[in-house]
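Hello,

Here is the structure I said I would pass on. My notes on what was found follow below it.

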Amino acid sequence: MPTLVVCATAALPSPSVRVTARVRRAPERWGTLTGVTNPARESVADSAQDLMAAVATGDQAAFASLYDLLSRTVHGTCLGVLRDPDHAAEVAQEVWVEVWRTATRYEATRGSVRTWVTTLAHRRAVDRVRAVQAQRDRDQRVLDASTERPFDAVADDVEQRLEQSAVRDCLGSLTETQRTAVVLAYYGGRTYREVASELDAALPTVKSRIRDGLLRLKDCLGVTA
Amino acid sequence: MSEHDDVRALLGAYALDAVDDDERRAVEALVAADPDAARELADLRAVAARLGAAVEAEPPVGARDAVLAAIASTPQDAPGSTSRTTDDVPPAVVAPAVPATAPGAVGAPPVGGPSVGGPSVAGPSVAGPSVAAPAVVPSAAERSTPRRGPARWYALAAAVAIGAAVPGALLVQQVNHTRQVQAEQQQVADLLTDPSAVLVHQDVADGGDVTAILTDTRAVFTAENLPDPDDGRVYQLWVVREGKPLSAGVMTSDDGTVRQFADDFAPGDALAVTVEPAGGSAQPTSDPIVVLAAA
């Protein structure tokens, strides 16, 4: 729903000015990130893969085990985007039902189970955000600034919840503009067009920042698909 | 910069779900055709997933039981079914699950088209299971209801609306009167540039009004003022092809407004809506509350 998003953003009074001013204080906060913990996920990945194969055959016990393995990630991903625990729980349940329903179509060649489930959770959370935005836009209400989460609010929230993790540390290795774009898009549920508008940056620039930022994160985290 | 490079530059934004629907489709087409782009996307997705995993949080008490109860009553898709997208994540659905009571029969005649009323069959009585939990637990009787053949299922629609091609300019005017369609201007505009576009409108007694734009390749379904489905039930959109329903996704109601694009749509197909258990069904488990077809 790109049009909605653009309209919604445009309706805000000078959002770019307001937000960019706040973004400046991000670097030193992210820059102090220390402590790398790199929880070994390999064994989890292996068992998730096995469980998924069983789930695809209709094995509800395997599904329960898969849920136990990944429910914190799914809920956290939804909560990160939606913030509201009730919304997050509702979307998380939809995600799990979808995992169950579409398990038969999961293809291991397209990435790990963890990535697939987390990707689904994020997409559904973002769908919800945009559906709410669209409703607000349809209602022609004046956007209440407090319901839009400016970058510093997104960053505060994320910073608290990241705690000590490799991701936190690696986010600190991005340039400020890359980090801002990635955090706003992923945790803020923004489209890159919204990000560009909020940061008063050109669209191609924001596309590059996001892609380059993710590639740098990939190297830092040692992630392989 | 070539179009290919343009789309490729979107891979990062795509991996963060930060693109619009048209861009999403463009990326998916690229990834389907270009193994190198597919590899990059797989990497970027794995990175994005780490962003999610890094903020993991304990689900609320009761969430596990609700999920397990919900899946116990949810059929799994047939392997290889629904080729709606090249992507491994199914296309977006609209909002949360809120099923409705069964709307009644035919309302207003189709816009701009011949006034072909559908068979005035009573709507299905989609009484939701009386379960307090958020999970959907259909009764044993409901689960064991034998599935009807496609032809009969199709004919049992509470309301069938038939649309006809209308001049583009008129179509735009009419569409502009529909608020939620207006909100989808970009995508709707794309559909309207299609010379095959047909507008179908239907008032559903006690059940809001629905509008669809059907083209030879895509369709969009929108509805306003739909009653909320019962707890644990959702509206699901179907593309009816040669009498057989193909899921086009579960639709979430946003204060009675739902909207869904069907990206796999062909000439002669119709759209149908049913009320299904949360999460949707592989095949309809109830009769359609409305069917929308081109003339």
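**Chain B and chain A**

In chain B, 53% of the 295 residues are buried (20 or more other C-beta atoms lie within 10 Å of the residue's own, with C-beta atoms placed from the backbone). For chain A, buried residues make up 52% of 225.

This is a predicted model, in which local features need pLDDT of at least 70 and side-chain atom pairs count only at pLDDT 80 or more, while totals for chains, interfaces and linings use all residues. Residues are numbered from 1 along each chain as its sequence is written, and chains are lettered from A and ligands numbered from 1 in the order in which they are written.

Chain B has 10 helices and 9 strands (DSSP runs numbered from the N terminus: H or I over at least four residues for helices, E over at least two for strands). Chain A has 12 helices and 0 strands.

Contacts were also counted (two residues are in contact if their C-beta atoms, placed from the backbone, lie within 7 Å). Of the contacts between residues at least 6 apart in sequence, 72% in chain B join residues at least 24 apart; in chain A that share is 76%.

**Between the chains**

The contact takes 76 residues from chain A and 67 residues from chain B. On the side of chain A that touches chain B, helix α7 (residues 113–138) of chain A gives the most, with 17 residues. That side of chain A divides into 34 nonpolar, 22 polar and 20 charged residues (Ala, Val, Leu, Ile, Met, Phe, Trp, Tyr, Cys and Pro count as nonpolar, Asp, Glu, Lys and Arg as charged, and the others, Gly among them, as polar).

Leaving aside neighbours within four places in sequence, the contacts of A185(A) include V195(A), I210(A), A13(B) and L16(B).

**Two helices of chain A**

Helix α11 (residues 192–199) of chain A and helix α12 (residues 203–221) of chain A have axes that come within 9 Å and cross at roughly 115° (axes are lines fitted to C-alpha atoms, for helices over the stretch in contact, with angles from 0 to 180 degrees between N-to-C directions). That makes α11(A) roughly perpendicular to α12(A) (angles of 65 to 115 degrees). Y192(A), R193(A), V195(A) and A196(A) in α11(A) meet L203(A), V206(A), K207(A) and I210(A) in α12(A). The residues of this contact divide into 6 nonpolar, no polar and 2 charged.

Regards

Methods: Parallel < 35°, antiparallel > 145°, perpendicular 65-115°, else oblique. Buried ≥ 20, exposed ≤ 12 C-beta atoms within 10 Å, placed from the backbone.
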